[in-house]
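Hi,

Here is the structure I promised to send over. Please have a look at it first, and then read on for what turned up.

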Amino acid sequence: MIPIDDKFMALALEEARRAVEDGEIPIGAVVVYNGEIISRAHNLREGLQDPAAHAEILAVREAARKLGRWRLTGTTLYATLEPCAMCAGALVLARIDRLVFGADDPKAGACGSVFDLVRDPRLNHRMEVLGGVMGRECGSVLKEFFENRREENGAIEK
């Protein structure tokens, strides 16, 4: 792990917390190029009514706009949760060089947990992957969100 990874993951975690304020599942993402943040986003599936409005997809789209190119070589994406298959595929297609994520996703993770799309030798691009950066903090935000949601729906009692 590079010491700066904690700094950028903390910013992705800020995005995840913004998602909670918007009533979204708390996942945040940040794209970094040459040591500078070029985009940041959080889930907006509910607000946009778009099943593809995951934090990673939104951050990658904004990064491509800012750089003026779809090939995002030289970039690192920080995500609070291990990306799903859709997002992992987008990272490969965008030629992201490095992925750093917080919490593992044992149900839908496509970067080592359920699948490993980002390092599959059959694909035309592979990336460096580092998981578990601030994993406890990233996982706690998700756990608390879903506990609150179940409590609001009467599924659990305090």
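Predicted model: local features only at pLDDT ≥ 70, side-chain atom pairs only at ≥ 80, totals over all residues.

Residues are numbered from 1 along each chain as its sequence is written, and side-chain values use heavy atoms, with hydrogens and water left out. Helices (H or I, at least four residues) and strands (E, at least two) are DSSP runs, numbered from the N terminus.

**The sheet**

Strand β1 covers residues 28-33, and five of its six residues are buried, so the strand is largely enclosed by the rest of the structure. Buried here means under 20% relative accessible area, exposed over 50%, and partly exposed in between (1.4 Å probe, protein chains only). β1 runs antiparallel to β2 (residues 36-42), with six bridges between them. It is also antiparallel to β3 (residues 75-81), this time through five bridges. Val-30 stands opposite Arg-40 in β2 and opposite Tyr-78 in β3.

The order of the open, five-stranded sheet is β2-β1-β3-β4-β5, with mixed pairing; two strands pair if DSSP finds at least two bridges between them. At the edges are β2 and β5 (128-130), each pairing on one side only. From one strand to the next, the twist averages 15°.

**Helices on the sheet, and a helix pair**

α1 packs on the sheet and touches β1, β2, β3, β4 (98-103) and β5, its direction making about 30° with that of β2. Helix α3 (residues 55-67) packs on the sheet too, touching β1, β2 and β3, at about 145° to the direction of β2. Axes are lines fitted to C-alpha atoms, for helices over the stretch in contact, and angles run from 0 to 180 degrees between N-to-C directions.

α1 also packs with helix α5 (residues 135-152), at an angle of about 5° and with the axes 10 Å apart. The two helices are therefore roughly parallel to each other (angles under 35 degrees count as roughly parallel, over 145 as roughly antiparallel, 65 to 115 as roughly perpendicular and the rest as oblique). Met-9, Leu-13, Arg-17 and Val-20 of α1 make the contact with Glu-137, Cys-138, Val-141 and Phe-145 of α5; contact means heavy atoms within 4.5 Å.

**A buried aspartate**

Asp-5 is found in α1 (residues 4-21) and counts as buried, at 0% relative accessibility. Leaving aside neighbours within four places in sequence, Asp-5 is in contact with Tyr-78, Arg-98, Val-100, Leu-130 and Val-133. The side chains of Asp-5 and Tyr-78 are joined by a polar contact of 2.6 Å. A polar contact is a pair of N or O atoms within 3.5 Å; within protein, one must be able to donate a hydrogen and the other to accept it, and residues adjacent in sequence count only if both atoms are side-chain atoms.

**Cysteines**

The structure holds zero disulfides (a disulfide is a pair of cysteine sulfur atoms within 2.5 Å). For Cys-87, the nearest cysteine sulfur is that of Cys-84, 3.8 Å away.

Best wishes
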